[in-house]
Amino acid sequence: MYVAKQKVKGKDYYYLRKSVREGEKVRSKNVAYLGKDKKDAQIKAKKIINQIKDEQKIGNFLTNSAPDPARINKNEFVSQSRSPRRGRVKAKKIINQMNRIKQTSDLERSLKVSNEEIKANSGRICINSSSGKSQIKEINSLEKKEISIDEMAVFCKRKGFVYASGEIYGGLAGLFDYGHLGVLLKRNFETLWRDFFLGLDENFAEIESSEIMPEKVFVASGHLKNFNDFASKCKKGHIERADHLLEKNLKQRFEGLTSEQLFEKIKENKILCSVCGSQIESVEITNMMFPLQLGFGNNIKAFLRPETAQSPYVNFKAQLEVMRKKLPLGLALIGRAYRNELSPRNFLLRQRAFTQAELQIFFNPSKINEHEKFEDVKDYFLNVVLSDERSKGVQKIKCQNLLERIPKFYIYYLAKVQQFYFNVLGFPKDKFRFYQLNEHEKAFYNKYHFDMEADLDTVGWTEIGGVHYRTDHDLKGHQEISSENLSFFDEESKEKFIPHVLELSFGVDRNFYSILNFAYFYDDKRQNVVLRLHPKLAPVKAAVFPIVKRENFEKISEEIFNDLKKDLKIVYDKSGSIGRRYARNDEIGTLFCITVDEDSLKKKDVTVRIRDSSEQVRIKIKDLKESLKKVINGEENLLKLGKIVNTRKK
Ligand code: GAP
């Protein structure tokens with residue numbers, strides 16, 4: 001890499017360039033704009049080159065999956081730095097970063113289902129209009145880039161989406177913090193979730209409740225007795241989840257086995273500890289809840305809730321009173337759940353504190369074979385893997401053709417969940433499926449259990465939620481332990497019964513991860529990542545910039561920014577070259593880059609660049625806000641709202 005000077009209208013501009021071989025020819029490509037001052041340019045260049053070298057080291061570490069950051073030669077840093085102290089500090093910083101990555105890097109690559117399609121959804125994105133129609137747009141220079149979990153962790157950290165909690169102290173396994181962009185994306189997901197699921201029925205509403213709950217709640221729900229993991233312990237004392245150990249070695253799922261059965265399988269297959277290679281000596285049961293002692297000097301026992309679901313169950317009676325006293329009644333809750341996972345791993349996919357979005361639908365069990373809107377979905381095809389037909393892989397089955405196996409009420413909500421993924425979030429159609437769990441695999445409270453799964457890069461099919469028919473398991477338990485009458489009297493049929501529950505359960509962090517996974521593209525022409533988030537999910541809708549730092553351009557840019565920010569999440573960006581600003585925004589998924597230039601002064605219009613295609617359109621400033629809103633809502637195509645700029649001529 002080298003510093004190059006370019007003279008434009010008598011002025012000097014400095015760039016950092018690199019030589020790139022393209023076939024027979026060697027071309028020079030700009031890496032960064034370095035400003036107008038030679039000395040500053042040289043300092044900036046050095047900084048950028050060092051940064052790239054560091055990132056390469058981390059990149060190599062990730063791709064080689066080096067087992068031990070300790071193999072990094074600290075002396076290399078010392079000899080390259082101005083002082084030995086600086087070198088040591090730098091080495092420590094990089095090694096710490098690698099250690100953090102390592103914590104999240106025990107990949108479950110083995111869980112891929114062999115006969116599934118894993119072809120990347122190259123160059124395609126599904127953008128949905130509010131009417132539910134989807135447009136598939138092909139953009140050739142964009143390529144779906146496969147991203148591993150480690151790389152995603154680094155990307156999220158670099159862009160400030162998510163990083164280890166308490167990172168300055170080295171972090172704790174399984175705990176993460178969301179930065180402001182992460183929060184915006186997560187909130188956008190939650191808003192879409194609320195709008196869609198609460199919109200399904202007038203009698204569905206949201207509640208919020210304490211994350212700490214009395215012990216009795218979990219006696220009633222069965223979590224105290226049954227919410228367990230199985231810990232394999234080796235000769236040297238290393239603990240690991242026994243089912244994960246088996247899965248990793250035998251490349252199959254192991255759900256629903258007892259501790260004895262798991263231990264037998266481990267012995268039978270001569271499986272050794274994955275940390276030190278020594279023999280496994282036992283498999284023990286461990287409860288996954290976090291116990292708490294409330295107050296001092298008393299014996300009030302409580303737990304952090306391991307699922308949000310128990311909150312709506314204990315709120316059922318109160319909410320039924322104030323709502324319409326009618327079933328089905330839906331209580332939704334988006335909030336934190338806590339599990340003392342034995343081996344938290346895979347970044348956001350297995351944490352100890354995570355967010356769930358769950359809807360509990362209380363209904364009359366004698367009406368499980370009815371749903372007044374079933375006609376709307378009867379011909380809708382579901383992507384399913386049936387528990388007794390797994391060898392057939394994912395089947396596309398019409399809702400009405402599942403009626404022999406599953407009740408109508410349940411199928412209706414399977415359809416709604418899939419429509420949420422395809423029509424609202426724009427998931428690729430071959431990357432989502434329902435996976436039916438069999439008798440041994442189902443959660444202890446479920447009668448029917450289908451997991452929602454996303455086919456994630458490098459790890460394959462991963463559970464991101466579930467549709468659970470929990471029967472009256474929970475309300476019956478709470479009625480018994482609390483001695484409150486939780487039955488419902490149906491005025492029409494004069495029946496009295498304990499309502500049954502259908503639960504739609506979503507892991508928000510796993511959905512967040514999947515959204516990023518499917519949005520992660522690379523543009524070869526632009527040479528940067530393009531995060532092709534759905535317009536409604538994108539954390540930042542537009543970036544406004546003056547083409548150069550000039551007072552009159554900045555004044556108009558600020559006016560536009562101040563006006564747009566009242567209605568949309570917007571950023572104002574005036575630092576760096578236009579190319580850098582485009583790239584920075586592409587990488588966080590900003591939909592539009594709005595540039596104020598010479599023409600804006602005369603014609604009162606701006607250039608709006610579209611993230612995915614790089615196409616540019618001139619739009620009148622007075623029409624800007626409404627035009628952007630229409631495009632974000634899927635009502636209009638920006639190319640039709642203004643004059644297309646021919647960027648080739650420029
Ligand atoms: N209320 C039902 C329930 O909690 P679950 O299958 O245990 O069911 C629901 O959890 C969803 O919560 C999962 O499908 C997953 O998306 C998410 N989830 C569970 N454990 C998690 C963890 N340790 N880290 C991140 N997400 C998790």
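Reader: In which strand does Tyr178 lie?

Author: Tyr178 sits in strand 8, residues 176–178; strands (E, at least two residues) and helices (H or I, at least four) are DSSP runs, numbered from the N terminus. Residues are numbered from 1 along each chain as its sequence is written. This is a predicted model, in which local features need pLDDT of at least 70, side-chain atom pairs count only at pLDDT 80 or more, and totals for chains, interfaces and linings use all residues, while side-chain values use heavy atoms, with hydrogens and water left out.

Reader: Is Tyr178 buried or exposed?

Author: Buried means under 20% relative accessible area, exposed over 50%, and partly exposed in between (1.4 Å probe, protein chains only). Tyr178 counts as buried because its relative accessibility is 14%.

Reader: Thanks! How many salt bridges does the structure hold?

Author: Let's start with the idea: side chains of opposite charge can pair when their charged atoms come close. A salt bridge here is a side-chain nitrogen of Lys or Arg within 4 Å of a carboxyl oxygen of Asp or Glu. The structure holds 51 of these. One of them joins Glu453 and Arg253, with the closest N and O atoms 2.6 Å apart. That pair links distant parts of the chain, 200 residues apart: Glu453 is in strand 21 (residues 448–456), and Arg253 is in the loop between helix 8 and helix 9 (259–268). Glu453 counts as buried because its relative accessibility is 0%, whereas Arg253, at 26%, is partly exposed.

Reader: Now the ligand. Which residues come nearest to the ligand?

Author: A residue is near a molecule if one of its heavy atoms lies within 4 Å of it. Of the 21 residues around the ligand, Glu307, Gln351, Glu358, Glu463 and Glu503 come nearest. A polar side-chain atom of Glu307 is 2.5 Å from a nitrogen atom of the ligand, and for Glu341 the corresponding distance is 2.9 Å. Strand 22 gives the largest share of the shell, 5 residues.

Notes. A polar contact is a pair of N or O atoms within 3.5 Å; within protein, one must be able to donate a hydrogen and the other to accept it, and residues adjacent in sequence count only if both atoms are side-chain atoms.
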